[in-house]
Amino acid sequence: MTAVARPHFLLALWWLLSQLSAVVFAKPVSPIAPDIYARRTDPVVSHSLNGSIIILDPSTQQTIPQGPGTDGCGAGFSFPAIVWIVFLLVIGIPLAVAGIRGWRCTTGVSIGLAAMVCSWAAIINSVNEVGISDILLTLIVLAFGFLGLVIGFFEFARIVAMVILCLIGGLSFGMRITLLKTDLLFASLGLNWLIIVVLGVAGGLLLIWKNRIAMLIACASSGTFLTSLGIDLIFNQQSGLSFGLRSLFDSNDNHLAYFLETTYEPTLSTKIIVIASLGLTPAFVYAQHLLFKQPFTRRGPSPSDEELCLNYPTEDFSANRATAFFSGIWDGAKLKLSPSRFSL
């Protein structure tokens, strides 16, 4: 019996979540800390006569232009918001319920998600005070995601996609932990990211020793994270987890005033959604382990030496070498199948 099937494994996770919930629902003992939003520079914050925040560059004493810290989700139930809600639920629910059986779909989603997160973070941290429209930002990020999805379909990307998904699973679990309290779990942005990175690396390292368990956790954690984000967008729109993710990722000096004026305060519904997603993660891990015992890969076993020697053709098939090459990239038929449940 594997570790995911042992009762004490699930009991330990439930105990951790119960202790975490006691901390989350406790009242903060200190006021909001503006230094939570660490920036590349240490700007000077002042206030104008009308009460608006002015950000000054300490080296030049010049005003840093400020703009809205948009994330592409629009406002309320605008078109970009609906697109993201549908995307998150369509991808998140199947990944949480049956990601271990997704094969090429799972590997494609893995690289697609990584491409989307990287492109989204790069754009919001590089735009000026004018910014970019939510529709255009959404289209760009989805385009990167589609490109990653296509790449992940091919056999040559399978190992990389597995590693990426395990990293995403750990990172998404850590993000939900840090997003449970007002102004994040710790006053220091670096400490919050330390927790996230440690869990992400742990998920990636687990793939080396327990690849099936690692992939089960990765699929369940990533799927529940996406689903919880989609549900929270329905109930809390852009002021819930969406704003919390911006607080974690956005280090653009042109958005500093926006984050100082707007505080991340998760509502009770947001906390319930996040804690429920964390609690359901081990449940989906166990469910997928019981329901899908077959190997992740669907390729048949490699032919034996006797089968290869039998009626071996002597004709020249050099004209078909290109076709055979691309066929091998697609299905990996020439790669040896690992005896483990989740083949590496």
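**A first look: V86**

Is V86 buried, partly exposed or exposed? V86 is partly exposed, at a relative accessible area of 47%; here buried means under 20% relative accessible area, exposed over 50%, and partly exposed in between (1.4 Å probe, protein chains only). This residue sits in helix α2, where helices (H or I, at least four residues) are DSSP runs numbered from the N terminus.

Before going on, please note that this is a predicted model, in which local features need pLDDT of at least 70 and side-chain atom pairs count only at pLDDT 80 or more, while totals for chains, interfaces and linings use all residues. Residues are numbered from 1 along each chain as its sequence is written, and side-chain values use heavy atoms, with hydrogens and water left out.

V86 belongs to a nonpolar surface patch of about 570 Å², together with F77, I82, V90, I234 and F235. Such a patch joins nonpolar side chains (Val, Leu, Ile, Met, Phe, Trp, Tyr) within 5 Å, from residues with over 30% relative accessible area and no salt bridge; the areas come from the Shrake-Rupley method with a 1.4 Å probe. Helices α2 and α7 each supply at least two residues, and α2 gives the most, with three.

**The nonpolar cores**

Now for the inside. The largest nonpolar core has 55 residues, and W120, M175, L179, M215, L245, L248 and F249 touch the most other members. A core is a set of buried Ala, Val, Leu, Ile, Met, Phe, Trp, Tyr and Cys residues joined through side-chain atoms within 4.5 Å. Elements giving two or more residues to this core include α2 (79-98), α3 (104-124) and α10 (268-291). The top contributor is α7, with ten residues.

Which residues does F249 touch? Leaving aside residues up to four places away in sequence, F249 touches V117, W120, A121, I124, N125, M175 and W193, a contact being heavy atoms within 4.5 Å.

**Cysteines and a salt bridge**

The structure holds zero disulfides, a disulfide being a pair of cysteine sulfur atoms within 2.5 Å. For C166, the nearest cysteine sulfur is that of C219, 8.0 Å away. C166 is buried, with a relative accessible area of 2%, whereas C118 counts as exposed at 53%.

There is one salt bridge, meaning a side-chain nitrogen of Lys or Arg within 4 Å of a carboxyl oxygen of Asp or Glu. R158 forms it with E155, with 2.8 Å between the closest N and O atoms, and both R158 and E155 are buried.

Notes. Patch = residues over 30% accessible without salt bridge, like charges linked within 9 Å, V, L, I, M, F, W, Y side chains within 5 Å.
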